[in-house]
Amino acid sequence: MPWKTIIEPFRIKSVEPLGFTTPAERERLLREGGFNLFNIPANKVLIDLLTDSGTSAMSAEQWAGIMRGDESYAGATSFYRFEKKVRELTGLREVIPVHQGRAAERILFQLLGGPDKVVIANSHFDTTRANVEVSVAEARDLVIGEAARIGVPHPFKGNIDTLALEGCLKELGHKVPLVIMTVTNNSVGGQPVSMANLREASRICKQYGVPLFLDCARFAENAWLIKKRETGFSTLPVRDIVTEMFSYCQGTWMSSKKDALVNMGGFLALSDPALAKKAREVLIIGEGFTTYGGLSGRDLEAVAIGLDEVLDEEYLAYRIRSIEYLGEGLRKAGVPIVEPPGGHGVYVDAKAFLPHIPSRLYPAQALACELYRLGGIRTVEIGSLMFGKKGKDGAFIPARAELVRLAVPRRVYTQSHIDYVIEVFAKLAEDARGLRGLDLIEASEHLTHFTAKLAPAAA
Ligand code: F0G
């Protein structure tokens, strides 16, 4: 149907109040929280776009599954349902439940990382990189050059540079324990990877005898974007696209807090029984027995149901259309964004929007705080507060980009919530030049952005 209105493909059975506050209250909360939005209590946030992780609304079917959850320590029926679903989805036989994505990463890199190893990816997500680096291996990103051109559209900015991949494997082959394709590629804006790119990456990996893994937190959104953007896929069912995507990998892990539409969960799935055996040993030490891995039986049940629901094409059409709609609204309001918007949110280019604020005064954090001050909207900075570094001489080294991520939780907000976000942005754009930067007052050594304290810079 050629209707313009986005229809949320659900009706609402249970509601939660939003956190209305006054401008004075928000000013106070910002000051008290050191201009760090992680310090704002959630009930003081009106629209929370901090993350799409673990923030989905579950369906009536999933809540029913929660009641059916089998909490047996070993061999719970919920585990077997979960295992069957993950096998059907990925084609991989060895299914290991974990409590969330980074637990799978910890297990995997404890086994495959180590000094002298180089792990290659289109882009490592932060926790992936941290787990690789904790094992004292190097994490190398080989995303295509187009990903760095923020305002220039490209349908598959998440792709890996296959020439560079081949070059690296030729040079370092024996040092590379695995190649990772993150679908969608969160670090460059939730951007999809094309099937052609997956196919070519898989061919190269096979040639050099290196296994290919998918970090598949947002596999369904990636599959839908293949259907919409890649020649030859428009009439294929999204399930078939997903099957082909997984056919190229020998292993995968998922933070199920994204595309499994649940609040907690994850898995590691492998084809290699010997590696799976070792992974289960590590699992038992740190996560739990092999049939629950740090989750409740009810969580396993909800994941199994969510993995089906996410492949509903009405849902995916709504999901991706609502992200596009937010992107269109911001563009119309004169706000520069990562083009085109990807799968799970819109990333605003704060450097282009606030050219008068230098990176050392954290323009993206200043913008995120202003969105909260003006409209009670919480977003996350992905810029120099998150990725800025200090050089050996103590000099400030800015991040490559100053972005604000508006991550949209799944099945949570309606079109009017999104319209409100666009309206707040339009208001903010009227006087963007008047916005001041922030000074960093207090910072920890690692993962600074969670605990940093800032204050408005002098005019
Ligand atoms: N891989 C990707 C691509 C992710 O986006 C995340 C989490 C993880 C792995 C780790 O999973 O949180 O379940 O341990 N991303 C969240 C975000 C935190 O906000 O983008 P986790």
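**Entry 1: Ile 120**

I started with Ile 120, which lies in strand β3, residues 118–121. I was reading a predicted model. Is Ile 120 buried or exposed? Ile 120 has 0% relative accessibility, so it counts as buried, the limit being under 20%. I then looked up a pair of C-alpha atoms. Those of Ile 120 and Ala 196 are separated by 18 Å. Along the chain these two residues are 76 residues apart.

**Entry 2: the nonpolar core**

Next I looked up the largest nonpolar core. It has 111 residues. Which of them touch the most other members? I noted Ile 120, Val 179, Phe 219 and Leu 330. Helix α12, residues 313–332, supplies the largest share of this core, with eight residues. Where does the core lie relative to domain 1 and domain 2? Both domains give residues to it, so the core lies between them. For domain 1 I wrote down 23–52 + 313–456, and for domain 2, 60–309.

**Entry 3: Ser 322 in helix α12**

I stayed with helix α12, where I found Ser 322. Ser 322 counts as buried because its relative accessibility is 12% and the limit is under 20%. What does its side chain reach? A polar atom of that side chain lies 2.9 Å from the backbone oxygen of Arg 319.

**Entry 4: the ligand**

I turned to the ligand. Then I sorted the shell by residue type.

One in Gln 100 lies 2.8 Å from a ligand oxygen atom. One in Asp 215 lies 2.8 Å from a nitrogen atom of the ligand. In the side chain of Arg 218, an N or O atom is 2.9 Å from a ligand oxygen atom. How much of the ligand does the protein bury? Taken alone, the ligand exposes 470 Å², and the protein buries 93% of that.

**Entry 5: cis peptide bonds**

I checked the backbone for cis peptide bonds. The bond from Val 183 to Thr 184 is cis, with omega near -15 degrees. I placed Thr 184 in the loop between β5 (179–182) and α7 (195–208). The bond from Glu 339 to Pro 340 is also cis. Its omega is near -10 degrees. I found Pro 340 in the loop between α12 and β9 (345–349).

**Entry 6: positive phi**

Last, I looked up phi values at two residues. Val 136 is not a glycine, yet its phi is positive, about 70 degrees. Val 136 sits in the loop between α5 (126–134) and β4 (138–141). Is Val 136 buried or exposed? Its relative accessibility is 54%, so Val 136 counts as exposed, the limit being over 50%.

Leu 261 is not a glycine either, and its phi is positive, about 60 degrees. I placed Leu 261 in the loop between β7 (251–255) and β8 (266–270). Is Leu 261 buried or exposed? Leu 261 is buried, because its relative accessible area is 0%.

Methods:
Residues are numbered from 1 along each chain as its sequence is written. This is a predicted model: local features need pLDDT of at least 70, side-chain atom pairs count only at pLDDT 80 or more; totals for chains, interfaces and linings use all residues. Side-chain values use heavy atoms; hydrogens and water are left out. A polar contact is a pair of N or O atoms within 3.5 Å; within protein, one must be able to donate a hydrogen and the other to accept it, and residues adjacent in sequence count only if both atoms are side-chain atoms. Accessible areas come from the Shrake-Rupley method with a 1.4 Å probe; for residues, only the protein chains shown count as cover. A nonpolar core is a set of buried Ala, Val, Leu, Ile, Met, Phe, Trp, Tyr and Cys residues joined through side-chain atoms within 4.5 Å. Buried means under 20% relative accessible area, exposed over 50%, partly exposed in between (1.4 Å probe, protein chains only). Helices (H or I, at least four residues) and strands (E, at least two) are DSSP runs, numbered from the N terminus. Domain bounds come from an automatic or database domain assignment.
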